[in-house]
Amino acid sequence: MALHSALTDPELHEPKGVSTAQEGEAYIADGLGSGSWSVPPYAISGVIDDVSTASTIYLAVPYGGVVDKIVTVLAGSLTTGNATVTVRNAAGTSMGTITVTQSGSAAGDVDVLSPVSNNTVTNDSKVSVETDGASDTSRKLFVTVYIKGS
């Protein structure tokens, strides 16, 4: 009998559980010698063209999961007032807010939200990100939403 490491292509087999795995799922190790089939973690991104003008962007969610973290990056300094950014699930319920602080702001400033409620998303849905426009100075705000697949 050949050693497992010596098997050639015609003798190889699919991983256990592949027959019941859904399309798009991968085997994710749990670090304890096991794992499960699930959608791998992924990110969706967008840009608010002007954080200082009240507006909303919508990000498409292809696979269900749990929003783990939202990270924003400011493209330049704000001169007056903070901007409050609200992240919402497809039902319009807030996952939380990010304050983009004016004082000391500069290009490349990073703010993070780690939501603990209302952060479950479903296949083929959306996440909305809105700014209240309370700051001034037209600046882009880059937004990345990290989702742990389910």
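## Core, strands and salt bridges

The largest nonpolar core holds 26 residues, and Ile-70, Val-100, Val-129, Val-145 and Ile-147 touch the most other members. A nonpolar core here is a set of buried Ala, Val, Leu, Ile, Met, Phe, Trp, Tyr and Cys residues joined through side-chain atoms within 4.5 Å. Buried means under 20% relative accessible area, exposed means over 50%, and partly exposed lies in between (1.4 Å probe, protein chains only).

The model is predicted: local features need pLDDT of at least 70, side-chain atom pairs count only at pLDDT 80 or more, and totals for chains, interfaces and linings use all residues. Residues are numbered from 1 along each chain as its sequence is written, and side-chain values use heavy atoms, with hydrogens and water left out.

The largest share of the core comes from β11, with four residues.

Val-100 is one of the core residues that touch the most other members. Beyond its neighbours within four places in sequence, Val-100 is in contact with Leu-74, Leu-78, Asn-82, Ala-83, Val-85, Asp-111 and Leu-141. Contact means heavy atoms within 4.5 Å.

Now the strand pairing. Strands of a sheet pair through backbone hydrogen bonds, either parallel or antiparallel. Two strands count as paired if DSSP finds at least two bridges between them.

Start with β5. Strand β5 pairs with β11 in the antiparallel sense, over nine bridges. In this pairing, Val-66 stands opposite Lys-148 in β11. Four bridges join β5 to strand β8 (residues 110-113), again antiparallel. There, Val-112 in β8 is the bridge partner of Val-71. Two bridges join β5 to strand β9 (residues 120-121), and these two strands also run antiparallel. Gly-65 stands opposite Val-121 in β9.

Next comes an open sheet. Four strands form it, in the order β4-β10-β6-β7, with antiparallel pairing. β4 and β7 stand at the edges with a single partner strand each, so one side of each is left without a neighbour in the sheet. Neighbouring strands of this sheet are turned by 20° against each other on average, direction ignored. The axes are lines fitted to C-alpha atoms, and angles run from 0 to 180 degrees between N-to-C directions.

Within this sheet, β6 and β7 pair in the antiparallel sense over six bridges. Thr-99 in β7 is the bridge partner of Thr-84. The β6 and β7 hairpin has five residues between the strands, and Gly-92 takes a positive phi near 90°.

Strand β1 (residues 26-29) and strand β2 (residues 35-38) pair antiparallel over four bridges. Ala-29 stands opposite Gly-35 in β2. This hairpin has five residues between its strands, and Gly-31 in the turn has a positive phi of about 80°.

Turn to the charged side chains. Side chains of opposite charge can pair when their charged atoms come close. How many salt bridges does a search of the whole structure find? There are three. A salt bridge is a side-chain nitrogen of Lys or Arg within 4 Å of a carboxyl oxygen of Asp or Glu.

One joins Arg-88 and Glu-130, at 3.2 Å from N to O. Arg-88 lies in strand β6 (residues 83-88) and Glu-130 in strand β10, so the pair ties together parts that are 42 residues apart in sequence. Arg-88 is partly exposed at 24% relative accessibility, and Glu-130 is partly exposed at 23%.

Another links Lys-148 with Asp-68, where the closest N and O atoms are 3.9 Å apart. Lys-148 lies in strand β11 and Asp-68 in strand β5 (residues 65-74), so this pair ties together parts that are 80 residues apart in sequence. Lys-148 is partly exposed at 46% relative accessibility, and Asp-68 is partly exposed at 33%.

There is also a salt bridge between the side chains of Lys-140 and Asp-49, at 3.4 Å from N to O. Lys-140 sits in the loop between β10 (125-131) and β11 (141-149), and Asp-49 in the loop between β3 (42-48) and β4 (55-61). The two are 91 residues apart, and the pair links distant parts of the chain. Are these residues buried or exposed? Lys-140 is partly exposed, with a relative accessible area of 37%, and Asp-49 counts as exposed at 55% relative accessibility.
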